[in-house]
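Q: Can you walk me through the ligand site and the pockets? Keep it quick.

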Amino acid sequence: MGADLKAFAKLKTELEHYGANLVAVSKTKTAEDIRMLYNAGQRAFGENYVQEMVAKAAELPKDVQWHFIGHLQSNKVKYIAEFVHLIQSVDSFKLLKEINKQAEKADRKIKCLLQVHIALEETKFGLDERELAEIIDHAPALQNVAIAGLMGMASFSKDESQVAKEFESLNVLLNKHFSFFQKYIPEPVLSMGMSGDYQLALKHGSNLVRIGSLLFGSRNG
Ligand SMILES: *Cc1c(COP(=O)(O)O)cnc(C)c1O
């Protein structure tokens, strides 16, 4: 229960060294758990489920920056369009078009990352390289989204060289499309690294880590 403020302080120091930012992944955690980190200065929180994010957003201060990091169904975009800070998990052009449409309705521009499939496991969502290039080709027609960079999840593996290779492949892709992202944002975002592998991710160019269990303890479900 609660949040580990010691682990939070240590992590912040580590990230500072790399100039990287933190999304505290609060899925399954309560608004009170989140408030502990909020009171310690954390503003960016990540959620995987629309309902859960909507409920917590209603309970917590307005300056929380909500990051959506789970698989997002097009028909649910409308519930988060008014307040979401960054949708990290865009994995189809269809979804991007729907985000654009709902952003227009909400009279805002929504920041997005394109999620790339870099892991060995088939179960993880994300675009392959060809799909990524295709979205990048078609995205300029969408006026209400800002495509700020890439997100990826590495294999759940103890094989560090495999995980490092996957992070590096995402870093290479970001650099390949760097000038495209720079049309939207001065410093493109490379979101990679979780509790178990963030140090490796930082070494391979991550500037945004998504960390849950290290800060909140392990989840049950
Ligand atoms: C749950 C989750 C995380 C955080 O995982 P931890 O291992 O708890 O740090 C990061 N990214 C995504 C996409 C997640 O679903």
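A: First, the cut-off: a residue is near a molecule if one of its heavy atoms lies within 4 Å of it. This is a predicted model, where local features need pLDDT of at least 70, side-chain atom pairs count only at pLDDT 80 or more, and totals for chains, interfaces and linings use all residues. Residues are numbered from 1 along each chain as its sequence is written, and side-chain values use heavy atoms, with hydrogens and water left out.

Q: Which residues are around the ligand?
A: Val25, Lys27, Asn48, Ile69, Met153, Met194, Ser195, Arg210, Ile211, Gly212, Ser213 and Arg219.

Q: How does that shell divide by class?
A: It has 5 nonpolar, 4 polar and 3 charged residues. Ala, Val, Leu, Ile, Met, Phe, Trp, Tyr, Cys and Pro count as nonpolar, Asp, Glu, Lys and Arg as charged, and the others, Gly among them, as polar.

Q: How far is the side chain of Lys27 from an oxygen atom of the ligand?
A: An N or O atom of that side chain is 2.7 Å away. A polar contact is a pair of N or O atoms within 3.5 Å. For the Asn48 side chain, the distance to a ligand oxygen is 2.9 Å.

Q: And what about Ser213?
A: There the backbone supplies the N or O atom, 2.8 Å from a ligand oxygen.

Q: How much of the ligand's accessible area does the protein cover?
A: 92% of the 390 Å² that the ligand has on its own. Accessible areas come from the Shrake-Rupley method with a 1.4 Å probe.

Q: Which pocket does the ligand sit in?
A: The largest one. To sit there, more than half of the molecule's atoms must lie within 2 Å of the pocket's grid points. A pocket is an open set of points on a 1 Å grid over the protein atoms alone, where a 1.4 Å probe fits, with protein on both sides within 12 Å along at least five of seven lines; lining residues have an atom within 4 Å of a point.

Q: How much space lies in it?
A: About 740 Å³, counted as the space filled by probe spheres set on the points. Of its 33 lining residues, the closest to the centre are Lys124, Met153, Phe156, Met194 and Asp197.

Q: Which helix gives the most to that lining?
A: Helix 9, with 4 residues. Helices here are DSSP runs (H or I, at least four residues), numbered from the N terminus.

Q: Now the second largest pocket. How much space lies there?
A: About 440 Å³. It has 26 lining residues, and Asn21, Leu22, Val189, Asn207 and Leu208 are the closest to its centre.

Technical notes:
Polar contact = N/O pair within 3.5 Å; in protein donor to acceptor, adjacent residues only side chain to side chain. Helix = DSSP H or I, 4+ residues; strand = E, 2+ residues; numbered from the N terminus.
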